[in-house]
Amino acid sequence: MPAGSAPLLPPLAAGPSSLWRLGSGYLNSFPKDKHYKALNTAVHQEGPIGLGEHYFQQPEGMLLPRSRPTPAPPQKASCRLWAAMGKLQSKLRHSTYKYSRPDGIIEERTQTNAFQEYSPAHVDTVSVVAALNSDLCVSGGKDKTVVAYNWKTGNVVKRFKGHEREVTKVSCVHKSDQFFSASRDRTVMMWDLHGSVQPRQHFSGHAMVVTGVAVSPDSSQLCTGSRDNSLLLWDVGTGQCVERAAVSRNLLCFFQVTHLCWVPREPYVLQTSEDKTIRLWDSRGLQVAHQFPTKQHIQTYCEASEDGHMCISCSSGFGGEGCEATLWDLRQTRDRICEYKGHFQTVASCVFLPRALALMPVVATSSHDCRVKIWNRDTGACLSTLSLDGSGPLTSLAVGDTRSLLCASFSRGIHLLRVDHGPGLELREVAAF
């Protein structure tokens, strides 16, 4: 750097008066993980039109670069430089990590990670995201569109329009370029990445919003669920409904489906609902094969392991009550194996992470408390926490590849997260779109 020139990023001033305002405003109310803590301290300030732009505020005593632009015409080049510097600063995230070493010493490290903002996939809240392959994801949201996005390059591949209301769920066909989307318009549509922007197949039969969609391992059948207390089984090729299961709606039974998941290599469908129960349905006749013990809170989501031996479900909640994920055995015993507790609001999504990611089997959860957590699958210990301040409730989570997670949010689109190995597992945000 030439002598006398100002640094791009000014140093932090010392002392309590130099503390920057935290984006969430209430981070201290959340519990700290025992061994590995991640606290996102990015500064967040609402813009004049409420768009949630990010700026760096000036702490007391901080010296700004001497090249401050002025309104004078000769300073246009300096103004452009100043604007570029502001754009760079808005894409930096400051994180503080605390790690308890085996000898009892607590280490605290502060680092600044580069953060890339790609063109947004949606113009409104993203309700769901799913991985189509190791490069592409598909997502749906309140803007009524389904978007195929290359999350490695930051490019929109194709936009699909056909739904009349918010897209609620997306399900991808295994080893294929085809996928399904469910919507509040009471329909499900089938799309082909390399085909027309019009739906390849249209499934209409529910009386209320469709809140669950799952495709069979051989891609021949589709199971859909709704708040109308029914499950429908469809023939994908013909688009015809072949089975229907319904539960009588009354004051004592709130069967409304919240999510569906097809168990790999099995004829079974997992279903969570507002009656706080997880059910295992046999698609051969669409009959309940097993009902797991009723939980204390609404079950919001479920996911089956790749080998089909286990599943994980999520609970609603508030203030730390409920707000957990539960691991279940899908084999003969079908017992509860483990619980993951540490979120403070509804847990909206959960995934099994690839075995290549860590020495032990791990799972990840995302919550309305703006946090993503990684857990030891077998012990329930929290291994890493990432706070996505300013994102609003986190609505959906998907595995991108062996090191990447995709997380949909209410306010800031889709986040690309990276899992790194350090003293523990470090979870960090690397991009958003």
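The legends below describe close-up views of a predicted model. Residues are numbered from 1 along each chain as its sequence is written, and side-chain values use heavy atoms, with hydrogens and water left out. Local features need pLDDT of at least 70 and side-chain atom pairs count only at pLDDT 80 or more, while totals for chains, interfaces and linings use all residues.

**View 1. The largest nonpolar core, with 19 residues.** A nonpolar core is a set of buried Ala, Val, Leu, Ile, Met, Phe, Trp, Tyr and Cys residues joined through side-chain atoms within 4.5 Å, where buried means under 20% relative accessible area, exposed over 50% and partly exposed in between, with a 1.4 Å probe and protein chains only. Among the residues with the most contacts inside this core are Leu353, Val362, Ile374 and Leu427. Strands that each supply at least two of its residues include β28 (362–367), β29 (371–376) and β34 (425–432), strands being DSSP runs of E of at least two residues, numbered from the N terminus. Not counting residues up to four places away in sequence, Val362 touches Phe352, Leu353, Ile374 and Leu425, among others, a contact being heavy atoms within 4.5 Å.

**View 2. The stacked pair of Tyr149 and Phe433.** Rings of Phe, Tyr and Trp (its six-membered ring) pair if their centres lie within 6.5 Å, and planes under 30 degrees apart count as stacked, over 60 as edge-to-face and the rest as tilted. The structure holds seven such aromatic pairs. In the pair shown, the ring centres of Tyr149 and Phe433 are 4.2 Å apart and the planes lie at 10°, so the pair is stacked. Because Tyr149 lies in strand β7 (residues 145–150) and Phe433 in the segment after β34, the pair ties together parts that are 284 residues apart in sequence. Tyr149 is buried at 0% relative accessible area, and Phe433 is buried at 3%.

**View 3. The tilted pair of Phe160 and Trp191.** The two rings are 5.3 Å apart, centre to centre, with 55° between the planes. Phe160 belongs to strand β8 (residues 155–161) and Trp191 to strand β11 (residues 187–192), 31 residues apart. Phe160, Phe179 and Trp191 form one aromatic cluster.

View 4. A salt bridge is a side-chain nitrogen of Lys or Arg within 4 Å of a carboxyl oxygen of Asp or Glu, and a search of the whole structure finds 15. Asp378 is partly exposed at 43% relative accessible area, whereas Arg377 is buried at 16%.

Methods. Helices (H or I, at least four residues) and strands (E, at least two) are DSSP runs, numbered from the N terminus.
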